[in-house]
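Welcome! Keep the sequence and the 3D view open beside you as you go.

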Amino acid sequence: MKKSIVVIVILLSALSLTLSSCSSDDDSDSKPTLATGSYEIYLDGVLFLEGTNADVGLIKDDQGNYVNTVTIGTGTETAIIVSGFPTSISGESNMDSDGDPGVNIIAGQNLYDTRSGTLTRTSASRISFDGTCTDWPNLQSYSITGFVESTAWEVID
């Protein structure tokens, strides 16, 4: 008798879990929304890279707060990392020769990194830059201007 009561309780528990789970739940919001953005980069005044619907990324610190480093790119061909930009709108940061703050661009086999200039947070979603960069491994220097933009970055403040 005791065994049959335990079996009945287990069956009722399983039945209640089955009847109360998922069938009427709306799971359409459970998938993460992938953020996209755009960018334009000019070297010596000539359009070098541009993209729309590019994948964007954010970085969190150990406390779960977003930091002022973002990424944007298109597949494996182009990746742009912008670090050390100001968190306040209209704020400016001076780019340093070690790349932080600065802009680093991987385009094909080449790495372009800024050596000097400024980063400006022109809006909550847009970061502009103006300065000089070096093309590695060719060691050629260029003037660089451009922007990266995504509404995903509006959470950074």
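**Exercise 1.** In the hairpin of strand 1 and strand 2, which residue takes a positive phi?

*Solution.* Before starting, note that this is a predicted model, in which local features need pLDDT of at least 70 and side-chain atom pairs count only at pLDDT 80 or more, while totals for chains, interfaces and linings use all residues. Residues are numbered from 1 along each chain as its sequence is written, and side-chain values use heavy atoms, with hydrogens and water left out.

Step 1: find the turn. The hairpin has 2 residues between its strands, and D44 takes a positive phi near 50 degrees. Strands here (E, at least two residues) and helices (H or I, at least four) are DSSP runs, numbered from the N terminus.

Step 2: look at the pairing. Strand 1 and strand 2 are antiparallel, with 7 bridges; two strands pair if DSSP finds at least two bridges between them. L43 stands opposite V46 of strand 2.

Step 3: look for another partner of strand 1. Strand 9 also runs antiparallel to strand 1, joined by 6 bridges, and E40 stands opposite F147 of strand 9.

**Exercise 2.** List the elements of the chain from the N terminus on.

*Solution.* Step 1: count them. The chain has 1 helix and 9 strands.

Step 1: The run is α-β-β-β-β-β-β-β-β-β.

**Exercise 3.** Which residues have the most contacts inside the largest nonpolar core?

*Solution.* Step 1: recall the term. A nonpolar core is a set of buried Ala, Val, Leu, Ile, Met, Phe, Trp, Tyr and Cys residues joined through side-chain atoms within 4.5 Å. Buried means under 20% relative accessible area, exposed over 50%, and partly exposed in between (1.4 Å probe, protein chains only).

Step 1: name the residues. The largest core has 26 residues, and I80, V82, I105, V148 and W153 have the most contacts inside it.

Step 2: see where the core comes from. Among the strands that each supply at least two of its residues are strand 4 (78-83), strand 6 (102-107) and strand 9 (140-149).

Step 3: zoom in on V82. Beyond four places in sequence, V82 touches residues including V70, V103, L119, I127 and V148.

**Exercise 4.** How many aromatic pairs does a search of the whole structure find?

*Solution.* Step 1: count. There are 2; rings of Phe, Tyr and Trp (its six-membered ring) pair if their centres lie within 6.5 Å, and planes under 30 degrees apart count as stacked, over 60 as edge-to-face and the rest as tilted.

Step 1: describe one of them. Y112 and Y142 form a tilted pair, 6.3 Å centre to centre with 50 degrees between the planes. Y112 lies in strand 7 and Y142 in strand 9, 30 residues apart.

Step 2: widen the view. Both Y112 and Y142 are buried, and ring pairs link F48, Y112 and Y142 into a cluster.

**Exercise 5.** Is S93 buried or exposed?

*Solution.* Step 1: check its area. S93 counts as buried because its relative accessible area is 15%.

Step 1: S93 is in strand 5 (residues 92-95).

Step 2: follow the side chain. The side chain of S93 reaches the backbone oxygen of G84 at 3.1 Å.

Technical notes
Contact = heavy atoms within 4.5 Å. Polar contact = N/O pair within 3.5 Å; in protein donor to acceptor, adjacent residues only side chain to side chain.
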